[in-house]
Amino acid sequence: MEEKKRRLLTSQDPAAQGPDPAGASDGPGAGESATDIARSAGAPKPATRVKPLSKVSVGWRIVVPAIAFVILTCGQFLNTNDFFPLGSLTQYATAKDLNGTVNSTCIEAQFPGEDEPRRLGFNAATVGIERGDVESQLDRVIAHPELLQSMADSYIRLHPDEPKPETMILCRTATQLKNGLAVGEPEQTTLAKWEVR
Amino acid sequence: MSSVPTLRSTPTEAAPTNPFLRWFMPEVPLARVAVFRVFIYLFIIIDVLTISGDVIAHGWTPEFYQPLWLARFLHIPAVSVLGAQILLTLIIVFSLLAAAGFLQRLSGWAVALSFGAWMFYTQGYGYVAHDHMALVIAAFVLPTIGTARFRDVGTASARAGWALRMVQISVVLTYFYSVVMKWIASGNITHWANGAVIIWALMRRGAEWSKPFLELPGLLIAAQWATLVFEFLSPVVLFLKRKWLYGAVAFFFLFHLMTYLALGIHFLPTVICWAAFLPLEKLVPKRFTSTGTA
């Protein structure tokens, strides 16, 4: 039926017979051809003059996605995000043990006149960088605690009216699971500490 | 091509005759692209101001810069605060021009390049979010279409079909390859499905209302299996039509709404690209399409 309708709509010009406009009915998603839509929209009869895509035009539209697909696939098997936007889709990809621990990295600062370090928001608006960014290079930050200076500087610049922190503390809370249920209180450990200059 | 902008005078491009190519670059109305383009370019403005708005803050923390491969290849340095502010301004201006359909190819490429640079600076500081894959690809394929106007409801274009197909494939691969990655990263996919990933996510960033679900690990494991199944089946959406397609799109919308409410994970950059599956030209008011003139 669709094919019959198409022929009726496009048979005025022999050029229209070249490529198969039935492809239109396979158009992305809608499942309706351009001619159907034109009719339903009250538009005049659609154009029938057909200009085929050139071989070059078709060729690069096949080759480039094919290369991108290969890169994306390699990104998965190499487990690398280096090829962004065609990197590995690793978010939440790692299995977690129902009897393991749930770790969460935190950032604290010791301010003058305060007895205990204060927990800061681990986000770009507070310390200039998101928790996920730091967790993705956690070993580097632990090995080079001077990187915490950068977070202290960001905090000072982003909070000019707040007191300047004396010490930055990178910490981790760990919650033990048993059969998927939390057991006891989270334990906190210090991963790195830096005296702010 | 005639300079008189009428529907009748606008030539239709032919889709290739090969069945695969007809699927790969189908003819779709250019008006669909005109609407999709507005969605994408306006969303890019929202994205750079909110979701990926950490680039200006990254100007304060250059020591954390971990450039991605292409950024290293192009010797793109860490961003400064001023550089980020200039880049932000450019993206907003270019996106407004592109959304308005002004100098479509030029403004589209300007958005693609500036937004691409922005992506290097939001993703190049350690954590790489994969919800932006389809959006970045949309930004780069849209300028290849050329001129597309709201009145082009009856003008079919294989170029437009190819671009939308690329976005669609990017969307479904975002889900399908995440299953592949779960398999690779876990060694055995059942370990992932029977594990504590959602528990882990809820404990780290769950909303208060969703915390009671931590007492129901069996339900969360069932949700993990369900996630695996629909992510694995996501490529089927490429072949669905009409109500089945709309149902599938609605299902993914609801899934992302739920993860947003429970975990604060909205996946909006991918969600907006689901629009590439829809007959967006139906949103064009008839007064723009019925006269055949500008």
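# Helices, loops and confidence

Visitor: How far apart do the C-alpha centres of domain 1 and domain 2 of chain A lie?

Guide: First, this is a predicted model: local features need pLDDT of at least 70, side-chain atom pairs count only at pLDDT 80 or more, and totals for chains, interfaces and linings use all residues. Residues are numbered from 1 along each chain as its sequence is written, while chains are lettered from A and ligands numbered from 1 in the order in which they are written. In chain A, domain 1 covers 61-94 and domain 2 covers 101-195, with bounds from an automatic or database domain assignment. The C-alpha centres of these two domains of chain A are separated by 32 Å.

Visitor: What is the mean pLDDT of chain A?

Guide: pLDDT is the predictor's confidence in each residue, from 0 to 100. In chain A it stays under 50 over residues 6-27, and it is below 50 over residues 41-49 too. Still, 74% of the residues of chain A reach 70 or more, and the chain has a mean pLDDT of 79.

Visitor: And what is the mean pLDDT of chain B?

Guide: Chain B has a stretch under 50 at residues 1-9. In chain B, 93% of the residues reach 70 or more, and the mean pLDDT is 89.

Visitor: What ipTM does the predictor give the complex?

Guide: There are two scores for the complex. The pTM is 0.84, and the ipTM is 0.87.

Visitor: How is α4(A) oriented relative to α8(B)?

Guide: Helices here are DSSP runs (H or I, at least four residues) and strands are too (E, at least two), numbered from the N terminus. Helix α4 (residues 55-77) of chain A packs with helix α8 (residues 158-186) of chain B at an angle of about 15°, with the axes 10 Å apart. Axes are lines fitted to C-alpha atoms, for helices over the stretch in contact, and angles run from 0 to 180 degrees between N-to-C directions. Angles under 35 degrees count as roughly parallel, over 145 as roughly antiparallel, 65 to 115 as roughly perpendicular and the rest as oblique, so α4(A) and α8(B) are roughly parallel.

Visitor: How many nonpolar residues does the contact of α4(A) with α8(B) have?

Guide: Contact means that two residues have C-beta atoms, placed from the backbone, within 7 Å. Among the residues that meet are A:Arg61 and A:Leu72 in α4(A) and B:Trp162 and B:Ile184 in α8(B). Ala, Val, Leu, Ile, Met, Phe, Trp, Tyr, Cys and Pro count as nonpolar, Asp, Glu, Lys and Arg as charged, and the others, Gly among them, as polar. The contact of α4(A) with α8(B) has one charged residue and one polar, while its nonpolar residues number ten.

Visitor: What is α8(B) to α11(B), in terms of orientation?

Guide: The axes of α8(B) and helix α11 (residues 217-233) of chain B cross at roughly 125° and come within 7 Å. That angle makes α8(B) and α11(B) oblique.

Visitor: Which residue of chain B has a positive phi although it is not a glycine?

Guide: Look in the loop between α4 (69-73) and α5 (81-99) of chain B, where B:His75 lies. With a phi of about 55°, the residue is B:His75.

Visitor: What is the omega of the peptide bond from A:Phe84 to A:Pro85?

Guide: A:Pro85 is in the loop between α4 and β2 (101-110) of chain A. The bond from A:Phe84 to A:Pro85 is cis, with omega near 10°.
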